[in-house]
Amino acid sequence: MRLTYREGAAARAFIYGGLFWMFLGMLFGLFAAVLMVWPDLIVGLPVLEYFTFGRVRPVHTNLVLFGWLTGAYFATLFYMTPRVVGGKLWSEGLGVFTALLHNLALGLTTVSLLAGGNVGREYAETPWYIKWIITATFLLVAVNLFMTVKNRTEKGELYVSAWYFLGALVTTPIIYVIGNQFLLPQNPIWGVNDAILNWFYGHNILGYWFTPVGVGAVYYLLPKLTGNPIYSHKLSMIGFWSIFWVYGPTGAHHLVNGPVPYWVQTIAIAFSVMLIIPVWTVVTNFYGTMKGKWHLVRDSVPLKFLTTAIVFYFITCFQGPMQSLRSVSAITHFTNWVVGHAHVALLGTFSFIMYAAIYYMLPRLTGRAIYSKALQEWHFHLSLWGFLLMFIDLTIAGLVQGAFWAQNQSANFIEGVAMMRPYYILRAISGAVIILGQVLFGWNVYKTATAGKPFEAGQDAGEAAPARAVEPAGA
Amino acid sequence: MLHRNAALVALGAFLLLSFAIAVTVALPLMQEELYAADEATPQYSELALKGKQIYQREGCFYCHTQQVRTIPNDAAFQGPNKRPSRPSDYANDNPVLLGTERTGPDLKFVGDRLPSKDWHIGHLKNPRAYDPRSIMPSYAHLPEEELEALAEYLVSLRDWSVKPLQQPERLADLTEADLPEEFRSLQNPFAGDLQGAVAIAEPIIAQSCVACHGPDLRGKQLTEKVRSADLYERSQARSEQFLYWAITVGSKLGMPGWERSLSEEQRWALATYIKNIQQIRP
C-alpha cells in the first residue's frame with residue numbers, strides 16, 4: 001500500500017511541530033533566566049536538582065534554533081518553493097517523513113542534553129548520533145526541493161526567494177558537518193583549531209541558514225502582502241551574491257583578542273564589516289517595496305511583524321560588524337550585550353519573520369481563515385514589547401559589565417556579578433511576557449486549524465497581487 | 001542568464017562558501033604551531049580528564065571562559081607569568097572549552113589562584129557559603145567522586161611551567177614552630193606605620209576576605225567540615241611573620257594562597273592589619 005498525502009501536509013506538519021518546540025524551548029529559556037535570579041531554586045529537589053543552568057541553556061538554544069526556527073523554515077521552504085518555481089512539492093510523503101525525523105531528533109536532543117550528553121561545543125552540543133539524524137533531515141529537504149525545482153513549470157528566471165533557498169540548502173549541510181566534529185564520536189581536531197571550527201559553524205549556521213531562508217521568505221511575503229513588485233532587481237542580485245561571499249569568513253570574530261592567530265581574527269573582522277553591504281542592500285530593497293503601501297501595516301499583523309523584523313535585522317547586522325572590531329569587542333565580548341544581540345537576530349528578526357509567514361501560510365494550508373484578529377494583535381504587541389524589554393535590558397547590562405571589568409581589569413569580579421541581579425530579574429520578566437504572547441499565538445493557530453471560518457483568497461490586504469507578484473522587475 | 005539555472009545558483013553559493021572554508025578552516029588547520037605543546041601546557045591526569053567530562057556535561061563553559069585575552073581588561077585572570085593565554089595552552093584540549101560568556105570568572109589559570117581541591121569541592125557544593133553574592137548553581141547533588149574529579153580538573157587549569165604553591169593541610173593545627181625558616185626573619189615593612197597598612201588593607205579585606213571570614217572577620221561555617229578562621233583569635237596566637245606566611249600560601253583545606261594575586265606589600269599590609277585587629281576594629 002502506498003501512503004499518499006494531501007497537498008501541504010509536509011508544511012503543516014513542520015508548522016505544528018515547530019510550534020511545539022518553540023513553547024518547550026522558550027519555557028527552558030525562562031527556566032534558565034529564573035535560575036540566574038534564584039540559583040538555589042532547585043537545590044535538594046529530586047531529579048530537578050540536576051537541571052542546573054548549564055544543562056538547561058543548551059536545551060533552550062537547541063530547541064528554539066533547530067526545533068522551532070528550523071522547523072518553521074522547513075515549512076516555509078515546502079510552502080514557498082513550489083509556488084515561486086511553479087508546480088507541486090516533489091514528495092509530500094518524503095516531507096512528512098522528514099518532519100517525523102526532525103521531531104525524533106529534537107526529542108532525543110532534549111533528553112540527551114538534560115541527561116548530560118553535552119559534548120562541549122556551543123550550538124553543536126548533541127551527541128554524534130543525533131547529528132546524523134539532523135544532517136539527514138537537511139539532506140532530505142534539499143533533495144525534495146531540488147527535485148521540485150527540477151520539475152518546475154515556470155521556466156523563466158528563478159525568483160529571488162528561490163536563489164536564497166537553493167543557496168542555503170546547498171551550503172548548510174556542509175557547514176553543519178564541518179562544525180559538528182564531522183559527525184564522528186571523537187573529534188579529530190585538537191587545540192584552538194577546534195574553537196575556530198566551532199565558530200566557523202556557529203556563525204555560518206546563521207549566515208547560510210537562518211539569514212538566507214528568512215530573507216528569502218520576506219522577498220516572497222512582502223509583494224504578496226502589499227501587492228507591490230520587488231523594488232529593485234539589481235539590489236536583489238547585489239544582496240544575494242554579496243551575502244554568500246562575505247558571510248563565510250566571519251566566524252573567528254567570536255574569538256577576537258583571544259588565543260587564535262592575529263590574521264585569523266583580522267580576516268574575520270574585515271569580512272564582518274563588509275556585511276554592511278548585503279544587509280543595507282536588502283533592507284533598502286525591502287523598504288523600497290513597501291513604498292506607497294505603509295497604510296496597510298495598520299490592519300495587517302503579518303506586515304507589522306515583517307516591518308519590525310526588518311528594523312531588528314538592520315540593528316543586529318549593524319551591531320555585528322561593530323562588535324567584531326577589536327576595541328568594541330574588548331568591552332562587549334563575554335557580557336550580556338552578546339545575549340541581547342543573539343536575541344535580536346533569532347527572536348526579533350527571524351522568529352518575527354516566521355510569525356508573519358505562518359499567519360500568511362496557515363489559511364492557505366488549512367483552507368481556514370485566521371481564527372482571531374484580536375489574538376493576532378496581542379501576539380504581536382506582547383512579542384514586540386517583551387522582546388524590546390529583554391533587548392534593552394541585556395544591552396545596558398552588557399555595557400555595565402564590560403565597563404566594570406575594564407575599570408577594574410577584572411579584579412573584584414564578584415561585585416560585577418552582584419550588579420547584574422536587577423537586569424536578570426527584568427530579563428526573566430521579559431521572557432514571561434514573550435511566552436504569554438506565544439501562548440495566544442498557539443491558541444490562535446489551534447483554533448484556526450480546528451474552528452476557523454472557510455478561507456477565501458483575497459481576504460488578505462495584498463491578495464490583489466498577481467499569483468507571481470514576484471515577477472522580477474528586470475526579467 | 002545565471003538566474004534561470006538553479007544548478008548554477010547553487011554552484012555559485014557553494015563556490016563562495018568554499019572560499020571561506022579554504023581561508024578560515026583549511027589554512028588554520030594546516031598551521032603546525034597551533035597544535036604544539038610547551039612546558040606551560042596543562043598535562044591532564046586520568047582523573048582530571050574525567051573531571052573535564054563533568055565540566056562539559058554540566059555546561060560549566062556557558063558561564064566560565066577559559067581564555068585570558070590580550071587586553072588589559074583581563075589582567076586579573078592572567079597566570080603567574082602575567083601573560084594572556086596562547087594557542088599552546090590548549091594543545092592537550094579536545095574539545096577546547098574557550099567559552100563565550102563570563103557570567104562567572106575566567107578559569108584558564110584558576111589552578112594557580114586556587115590550588116586547593118578541598119576549596120573547590122566545598123565551593124562546588126555550596127557556592128553561596130563562600131560568597132552570598134554568587135549565582136553559581138550548587139553541585140551538592142553530584143557524587144563525591146565526581147566532585148573530586150571536577151576539582152582535580154580545575155586545579156590542573158594552570159601554567160604548568162610554574163610550580164604550584166606548596167600548601168600546608170590545615171593552618172589551625174600549625175604553630176610558630178611550623179613556620180618555614182625563610183619566613184621567620186622577614187621584616188615587616190609597615191612596622192610603626194599602622195595607618196599606611198590599614199589604608200592598603202581595608203579595600204582588599206572588603207573585596208577578598210569578608211566573603212569567607214564574614215563581615216565581622218570572626219570566621220564562619222563554610223561547609224560541614226570547613227570553618228574559616230576567626231581572625232581575632234589568630235591575631236592573638238600568631239606572629240606577624242606567621243600571618244604573612246599564611247596569607248601567602250593559604251592551605252589545602254581552603255584558604256587561598258595570595259602569593260600570585262597580591263603583591264608582597266599588600267600581603268604585609270593584611271598581616272599588619274590582622275595582627276592589630278583588636279586595636280583597629282575592637
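**Note on the predicted two-chain model**

1. Start in chain B, with a loop. B:Pro95 sits between α2 (46-57) and α3 (110-113) of chain B, in the loop that links them. The model is a predicted one. The peptide bond joining B:Asn94 and B:Pro95 is cis, with omega at about 0°. Most peptide bonds are trans. This one deserves a look in the viewer.

2. Next, backbone phi. B:Leu217 is not a glycine, yet its phi is positive, at about 60°. B:Leu217 belongs to the loop between α8 (194-213) and α9 (231-237) of chain B. With a relative accessible area of 1%, B:Leu217 is buried.

3. A:Asn412 is a residue other than glycine with a positive phi, near 55°. A:Asn412 lies in the loop between α13 and α14 (413-419) of chain A. Its relative accessibility is 14%, so A:Asn412 counts as buried, the cut-off being under 20%. Most residues other than glycine have a negative phi.

4. Now the interface. Chain A supplies 87 residues to the contact and chain B supplies 74 residues. About 7,000 Å² is buried between chain A and chain B, with 67% of it on carbon and sulfur atoms. On the chain A side, A:Trp241, A:Pro259 and A:Phe334 lose the most area to chain B; together they make up 11% of what that side buries.

5. Polar links across the interface come next. Between chain A and chain B there are 2 salt bridges. A:Arg55 forms a salt bridge with B:Glu58, with 2.6 Å between the closest N and O atoms. Residue pairs in polar contact across the interface of chain A and chain B number 21, with both residues at pLDDT 80 or more. Helix α6 (residues 192-226) of chain A gives the most to the side of chain A that touches chain B: 9 residues. That side of chain A divides into 52 nonpolar, 23 polar and 12 charged residues.

6. A:Tyr159 is worth checking. It is placed in the loop between α4 (128-150) and α5 (160-179) of chain A. A:Tyr159 counts as buried because its relative accessibility is 2%. The side chain of A:Tyr159 reaches the backbone oxygen of A:Tyr219 at 2.4 Å. A:Tyr159 and A:Gly216 are 57 residues apart along the chain, and their C-alpha atoms are separated by 9.6 Å.

7. Another loop residue, A:Ser372, lies between α12 (336-366) and α13 (373-408) of chain A. A polar atom of the side chain of A:Ser372 lies 2.9 Å from the backbone nitrogen of A:Leu375. A:Ser372 counts as buried, at 15% relative accessibility.

8. Last, the aromatics. Over all chains the structure holds 53 aromatic pairs. A:Phe20 and A:Trp21 form an edge-to-face pair, 4.9 Å centre to centre and 70° between the planes. A:Phe20 is partly exposed at 47% relative accessibility, whereas A:Trp21 is buried, with a relative accessible area of 6%. The rings of A:Tyr220 and A:Tyr360 also form an edge-to-face pair, because their planes are at 75°; the centres are 6.2 Å apart. A:Tyr220 is in helix α6 and A:Tyr360 in helix α12 of chain A, so this pair ties together parts 140 residues apart in sequence. Both partners are buried: A:Tyr220 at 3% relative accessibility, A:Tyr360 with a relative accessible area of 2%.

9. One aromatic cluster in chain A includes A:Phe14, A:Phe66, A:Tyr73, A:Phe138 and A:Trp209.

Technical notes: Residues numbered from 1 in each chain as written. Chains lettered and ligands numbered in written order. Heavy atoms only, no water. Contact = heavy atoms within 4.5 Å. Buried area = accessible area lost by both parts, 1.4 Å probe. Salt bridge = Lys/Arg side-chain N within 4 Å of Asp/Glu carboxyl O. Polar contact = N/O pair within 3.5 Å; in protein donor to acceptor, adjacent residues only side chain to side chain. Helix = DSSP H or I, 4+ residues; strand = E, 2+ residues; numbered from the N terminus. Nonpolar A, V, L, I, M, F, W, Y, C, P; charged D, E, K, R; others polar. Buried < 20%, exposed > 50% of the residue type's maximum accessible area, 1.4 Å probe, protein only. Phe/Tyr/Trp six-rings, centres within 6.5 Å; stacked < 30°, edge-to-face > 60°.
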